[in-house]
Amino acid sequence: MAHSGLAAIRTIVLNRPDLILLDYEMPVCDGKQVLEMIRSDKDIADIPVIFLTGKVDKQSIKNVLALKPAGYLSKTLNPLDIKKNIDEYFKKLQK
């Protein structure tokens with residue numbers, strides 16, 4: 001868990017997670033900027049990123065689609081639905 005975009009990048013580089021859950025709104029740099037940094041670094045560019053955020057307006061979603069996130073989920077979803085979406089993502093990878 002990281003509390004800013006820059007801390008997220010540092011954590012990702014050091015720990016190389018299987019999946020990144022990324023908020024759109026963070027201090028220092030926002031989720032779109034973090035995803036741009038991830039995609040520009042060949043060592044971590046292939047890590048799937050799912051946005052988990054309260055920012056679900058069409059323009060915000062459109063702004064990150066070109067960066068090919070693995071998903072975009074609303075924080076207002078029931079936690080079980082969030083887990084279900086993440087589980088479904090990994091099931092698709094296994095096929």
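Reply: The model is predicted. Ser4 lies in the segment before helix H1 (5–15).

Me: Why is Ser4 called buried?

Reply: Its relative accessible area is 14%. Buried means under 20%, so Ser4 is classed as buried.

Me: Which residues of the largest nonpolar core touch the most other members?

Reply: They are Ile20, Leu22, Val34, Ile38 and Phe51, in a core of 17 residues. H1, strand E1 (20–22), helix H2 (31–40) and strand E2 (49–53) each supply at least two of its residues, and the largest share, three residues, comes from H2. Val34 is in contact with Gly5, Ile9, Leu22, Met26 and Cys29, its neighbours within four places in sequence being set aside. A second, separate core has seven residues, among them Leu19, Leu52, Ile82 and Tyr89.

Me: How do you know that Asp46 and Arg16 form a salt bridge?

Reply: Their side chains meet at 2.6 Å, N to O. The criterion is a Lys or Arg side-chain nitrogen within 4 Å of an Asp or Glu carboxyl oxygen, so the pair qualifies. The pair links distant parts of the chain, 30 residues apart: Asp46 is in the loop between H2 and E2, and Arg16 in the loop between H1 and E1.

Me: Why is Asp46 called exposed, and why does Arg16 count as partly exposed?

Reply: Asp46 has a relative accessible area of 57%, and exposed means over 50%, so the term applies to Asp46. Arg16 stands at 37%; this value falls between the 20% and 50% limits, so Arg16 is partly exposed.

Me: What makes Lys42 and Asp43 a salt bridge, and why do both residues count as exposed?

Reply: The closest N and O atoms are 3.6 Å apart, which is within 4 Å, so the pair is a salt bridge. Lys42 has 72% relative accessibility and Asp43 has 51%; exposed means over 50%, so both are exposed.

Me: How many salt bridges does this rule give?

Reply: The count comes to five. One of them joins Lys75 and Asp23 at 2.7 Å, N to O.

Terms used:
Residues are numbered from 1 along each chain as its sequence is written. This is a predicted model: local features need pLDDT of at least 70, side-chain atom pairs count only at pLDDT 80 or more; totals for chains, interfaces and linings use all residues. Side-chain values use heavy atoms; hydrogens and water are left out. Helices (H or I, at least four residues) and strands (E, at least two) are DSSP runs, numbered from the N terminus. Buried means under 20% relative accessible area, exposed over 50%, partly exposed in between (1.4 Å probe, protein chains only). A nonpolar core is a set of buried Ala, Val, Leu, Ile, Met, Phe, Trp, Tyr and Cys residues joined through side-chain atoms within 4.5 Å. Contact means heavy atoms within 4.5 Å.
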